[in-house]
There are 2 protein chains.
Amino acid sequence: MRDVAVIGVGCTEFGEHWSTSFRNLFVEAGALALEDAGVTGEQIDALYVGNMSAGRFVEQEHIGALIADYAGLASNHAASTRVEAACASGGLAFRQAVTAVASGMEDIVVAAGVEKMTDVGTGASVDTLAGAADREWEGFAGATFPGLYAMIANNYMHRYSLTREQLAQVAVKNHDNGVHNPIAQFRQRITIDTVLNSSLVADPLRLFDCSPITDGAAAVVVVPLERAREFTDSPVRVLASAQASDTIALHDRRDISTLDATVAAGRRAFAQAKLKHSDIDLVEVHDCFTIAEICAIEDLGFCAKGEAGKLTEEGVTALGGALPVNTSGGLKACGHPVGATGIKQIYEIVQQIRGEAGGRQVDANIGMAHNVGGTGATVVVHILGGC
Amino acid sequence: MRDVAVIGVGCTEFGEHWSTSFRNLFVEAGALALEDAGVTGEQIDALYVGNMSAGRFVEQEHIGALIADYAGLASNHAASTRVEAACASGGLAFRQAVTAVASGMEDIVVAAGVEKMTDVGTGASVDTLAGAADREWEGFAGATFPGLYAMIANNYMHRYSLTREQLAQVAVKNHDNGVHNPIAQFRQRITIDTVLNSSLVADPLRLFDCSPITDGAAAVVVVPLERAREFTDSPVRVLASAQASDTIALHDRRDISTLDATVAAGRRAFAQAKLKHSDIDLVEVHDCFTIAEICAIEDLGFCAKGEAGKLTEEGVTALGGALPVNTSGGLKACGHPVGATGIKQIYEIVQQIRGEAGGRQVDANIGMAHNVGGTGATVVVHILGGC
């Protein structure tokens with residue numbers, strides 16, 4: 001099994017791209033990644049595209065081939081494959097690219113993620129996103145994602161120490177980070193009062209506890225580590241790639257306040273990388289809702305259950321803290337084009353490790369990305385390090 | 001890179017399963033494959049599921065996790081990933097499973113395909129399937145898949161020697177084979193007159209030139225070749241796994257009568273396996289329409305362009321011929337649950353190599369599977385051999 005490195009990254013601005021099509025979003029991100037990596041389209045052996053629901057958002061399936069075509073890769077008939085795991089689609093696309101290079105079957109591989117969510121109305125968006133949950137037992141009963149995560153939040157707050165203000169601080173901190181991120185959908189600071197006074201979506205979650213509907217695409221280029229220096233002076237090595245699944249429906253879980261797939265994928269990643277928690281300099285976690293960031297920090301093992309709210313309040317997870325979480329602004333402020341998010345996390349970690357993160361730069365040599373599908377039925381965790 | 005072998009296969013009956021759900025179709029096929037392989041669910045490291053459009057057919061995304069859950073794999077948090085490439089989704093799922101095992105990242109992996117197409121009406125089915133073509137330039141202009149393949153047929157018949165009767169013989173031959181296949185959707189013989197007198201769908205293609213709408217699922221278990229004998233006395237080795245893409249829209253092709261991605265994937269597969277055409281004992285090709293089988297035989301290099309009609313008429317591709325094609329009955333008679341078809345092809349080749357194909361058994365040591373997405377924007381070719 002070969003070691004794998006990231007040699008280039010690219011990302012569109014995240015936001016509401018009314019005048020850009022699904023396919024063009026990808027082309028922009030892909031071109032930025034190829035330029036950053038210093039490779040041409042003809043050199044690409046294969047492409048993996050993470051996308052959740054283009055079938056419903058833009059009535060288009062067969063995304064891998066479409067993207068390869070519009071990226072100009074059809075002429076050399078490069079292999080192109082879409083992978084889907086709801087909001088973890090991007091993370092899984094990266095994992096497939098890593099696997100393809102590790103296996104020796106491919107050499108220069110692009111992993112990308114793309115979602116165009118604003119071509120349908122909000123109601124259709126919410127219903128499409130509900131396809132990430134159990135349609136027969138959750139969706140048909142009327143459950144939406146804010147509703148499902150509200151159940152997690154209620155259960156958590158009943159059992160552990162977490163104040164409404166601590167929960168709001170997750171969003172405040174992520175908006176603080178997003179201010180420094182040129183691709184972020186929201187680049188303005190908010191206060192705890194902004195969150196507490198925003199409209200109630202699903203008790204206790206309010207509008208500013210929720211990640212937005214977003215269009216966007218991101219792409220990264222991976223190669224065998226032994227070839228990385230041909231392309232760049234600052235390759236970033238993939239130290240671990242771990243994936244785990246859990247029941248698709250929340251009601252089938254052992255414990256709805258703990259995402260067991262996060263626990264499993266996190267443990268596997270630390271074991272693969274032979275690292276301990278104190279080795280990790282920053283983490284991008286899947287904060288689709290504020291409560292999700294709280295759970296993720298704990299379930300990845302960075303603190304005990306029930307302590308993440310306090311850590312957040314104390315600034316431990318802020319830019320200047322001991323464990324910066326979601327320096328990109330996270331899903332909350334950077335935006336959440338569901339299929340692209342997992343790749344954007346890799347994009348952020350790579351920028352941080354290369355020292356290119358501008359106003360949000362932290363002292364970073366090793367970073368972790370945590371990408372979740374649904375309410376935790378799929379979790380993928382990557383650890384990346386400078387070399 | 002490790003060698004990979006298939007140790008078990010399973011498939012549901014293909015047909016209109018009004019009383020079975022999407023998830024239960026998979027469970028049936030998966031259970032048959034595990035039983036055949038002699039492995040238990042707890043031993044499974046990872047799962048790859050090919051599915052084209054559950055988002056639109058059953059309003060469910062996040063298929064990998066759903067399937068892992070309903071297969072009882074959630075408790076050990078096995079990794080589960082959906083891959084999609086329209087009608088080539090199954091073939092790509094198999095390829096991802098092979099890659100995962102070859103890389104050393106996983107050991108015991110299930111590759112599966114599933115599609116439940118009859119939960120929506122025929123119009124919605126046709127529109128959903130059109131999502132495999134270019135929605136912006138083909139779908140919105142009203143193109144359907146019978147229409148696109150009719151253009152291929154017209155172009156082909158204008159340039160090469162192919163009679164309407166030879167084209168019909170593809171369907172007649174595949175129905176002859178389907179009679180012997182217990183999982184086939186159609187198990188009755190037809191005549192050339194049946195095809196010629198059936199209703200016109202898109203000139204020159206008639207109803208009996210077209211594969212049907214089908215529900216079904218198939219699954220296979222792959223392991224490192226070095227471990228295969230732990231599980232079975234008759235492992236089947238993966239000799240090649242090749243994939244290629246092309247433009248998503250037909251009008252962008254160099255030549256619409258030749259599927260260049262089939263040419264590319266076929267050449268890559270022969271090169272990987274270090275085999276020549278005469279080494280191949282049987283082929284499962286992607287006969288979504290009769291013209292597609294004609295093109296596939298030629299584009300894979302088994303004869304020159306323009307000769308496959310004559311070969312078919314002469315019985316070369318029939319069960320008793322020199323190159324049996326679609327012994328399973330093909331997509332035409334066995335049925336075409338789009339995400340499952342690529343895995344069913346592997347299922348058929350494995351059964352043939354193991355000598356378990358009953359009335360459709362041919363002399364088989366090496367077989368090829370050819371799975372197409374859309375009008376050829378994705379093609380995946382596998383070669384399997386006894387060992």
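Mentor: Buried area is the accessible area, taken with a 1.4 Å probe, that two parts lose on being put together, summed over both. Between chain B and chain A about 4900 Å² is buried, and carbon and sulfur atoms give 48% of that area. Of the area that chain B buries against chain A, 15% is supplied by His62(B), His77(B) and Met105(B), more than by any other three residues.

Two remarks on the basis of these values are needed. This is a predicted model, in which local features need pLDDT of at least 70 and side-chain atom pairs count only at pLDDT 80 or more, while totals for chains, interfaces and linings use all residues. Residues are numbered from 1 along each chain as its sequence is written, chains are lettered from A and ligands numbered from 1 in the order in which they are written, and side-chain values use heavy atoms, with hydrogens and water left out.

The contact (heavy atoms within 4.5 Å) takes 67 residues from chain B and 67 residues from chain A. Because 100% of the interface residues of chain B are also interface residues in chain A, the copies meet through the same surface.

For salt bridges (a side-chain nitrogen of Lys or Arg within 4 Å of a carboxyl oxygen of Asp or Glu), the rule finds 10 across the interface of chain B and chain A. One of them joins Glu106(B) to Arg95(A), with the closest N and O atoms 3.5 Å apart. Among the helices and strands (DSSP runs, H or I of at least four residues and E of at least two, numbered from the N terminus), α4(B) gives the most to the side of chain B that touches chain A, with seven residues.

Strands also meet here. Strand β3 (residues 79–84) of chain A and β3(B) run antiparallel and are joined by three bridges; strands pair if DSSP finds at least two bridges between them. Within this pairing, Glu84(A) stands opposite Arg82(B).
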